[in-house]
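Hi,

Here is the structure I promised to pass on.

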Amino acid sequence: MAKRAYIKHITSYYPNNFEFNNPENRITSKIGVSRRPIALPNECASDLAVEAAKIMFEKYNVNKEDIDALILCTETPDHIMPSTSCIIHGRLGLKTNCMCLDYNHGCTGYIYGLSISKALIESGQANNVLLLTADTLSKLIHPKDMRTKPLFGDAAAATLLSSTYSRIEYLRGFQFGTNGVDFMKIIVNYGMMRMKYASKEEAFREIEDQYGNVRTDATVYMDGKGVVQFTQTVVPPMLKSILESNMLSLDDIDNFIFHQANKFMLQTIQKACKIPDDGRYFNDCEDTGNTASATIPIAINKMQSLNIPLGRRVLLMGFGVGLSWGGCIADLSLMNPEEEI
């Protein structure tokens, strides 16, 4: 018997404000996103994360005194300093002997968070880790950039990872990859140190492409075609490697829950990975859009709401900004109402 980390609860939170994509637009049909939750001007990532955590505490009667570590994944922190996790710690009223950590990551961020949480628990440094994934990317998108704007929504998810003693490893097979050479394919140039001394005129100068989409160095730039090609290149080999290293096949996987980038991207990956269209592959970001590091836990919550059983062998994968990719195998069966440790 060994100390093992497992996912105990997941809750999600969306701003009570939505933008709707044009249903008659070809892009809307292609990406499969009809509406996106959008943070209000005074709402930040910390606000969304706090609400997601509060929902968890209340819904599952979680004792705040049991939280040993709070980890926040966000690309849109409240301030350059201090760490937003420290701000959230104070607002949630967690105990003082609680570790707080921010890390800046996007679409692969949830996999990183699970790996960090597993390490903290199984090394004996924590028994309960609250992993928060939250972003307000809409604040970084130019309102006239219709290549990017219809894709992204704002949201947060809270994941409680706890410890137990078992012969079973509930989180395993982690693999990661990075191609930092192509970091410019998804980027916001202005706002931190690299362009700190750029003039406002330079940073906010509007750049218009041949289709009329507008961006600036202070808003998101994404090479959509390049990102699709990137995922087609790295995701299938990683999936194969994870399966082989764990002596599994596609048929052994109960659920495939990948980063919910958009319908087209997920369909492209499913085809490239030769995953059967038999209901095990989840593809639904219609009412959320791409919520960065929160997409995977939000997808798990959606599956729960649809009464889709969560299996013992669930393949989780993230890919995107960095450029980065990562995946693991998770036993999510303990999240089913009838399952117990």
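Predicted model: local features only at pLDDT ≥ 70, side-chain atom pairs only at ≥ 80, totals over all residues.

**A salt-bridge trio around Lys118**

Lys118 and Glu122 pair through their side chains in a salt bridge, 3.0 Å from N to O (the term means a side-chain nitrogen of Lys or Arg within 4 Å of a carboxyl oxygen of Asp or Glu). Residues are numbered from 1 along each chain as its sequence is written, and side-chain values use heavy atoms, with hydrogens and water left out.

Back to that pair. Both residues sit in helix H4 (residues 109–122), and because they are 4 residues apart, about one helical turn separates them. Helices (H or I, at least four residues) and strands (E, at least two) are DSSP runs, numbered from the N terminus. Lys118 is buried at 11% relative accessibility, whereas Glu122 is partly exposed at 26%. The cut-offs there are under 20% relative accessible area for buried, over 50% for exposed and partly exposed in between, using a 1.4 Å probe and protein chains only.

Lys118 also makes a salt bridge with Glu169, at 2.8 Å from N to O. That one links distant parts of the chain, since Glu169 lies 51 residues away in the loop between strand S7 (155–166) and strand S8 (171–178). Glu169 is partly exposed, at 31% relative accessibility. Together, Lys118, Glu122 and Glu169 form a network of salt bridges.

**The other salt bridges**

How many salt bridges are there by this rule? The count is 10. Another of them joins Glu19 to Arg36, with the closest N and O atoms 3.1 Å apart. Glu19 is in strand S2 (residues 18–20) and Arg36 in strand S3 (residues 35–37), 17 residues apart. Arg36 is buried at 4% relative accessibility, while Glu19 is partly exposed at 29%.

**Inside**

The largest nonpolar core has 39 residues, and Leu239, Phe258 and Leu315 touch the most other members. By nonpolar core I mean a set of buried Ala, Val, Leu, Ile, Met, Phe, Trp, Tyr and Cys residues joined through side-chain atoms within 4.5 Å. Several elements supply at least two residues each, including strand S13 (255–258), helix H7 (263–273) and strand S14 (314–320). Helix H6 gives the most, with 9 residues. Leaving aside neighbours within four places in sequence, Leu315 is in contact (heavy atoms within 4.5 Å) with residues including Leu239, Ile242, Phe258 and Cys328. There is also a second, separate core of 31 residues, with Ala69, Tyr103, Phe174 and Leu332 among them.

**Outside and overall**

Ile80 is in the loop between strand S4 (69–73) and helix H3 (84–92), and is exposed at 58% relative accessibility.

As for the whole protein, there are 8 helices and 15 strands, and buried residues make up 55% of the 341 residues. The C-alpha trace spans about 60 × 50 × 35 Å along its principal axes.

Cheers
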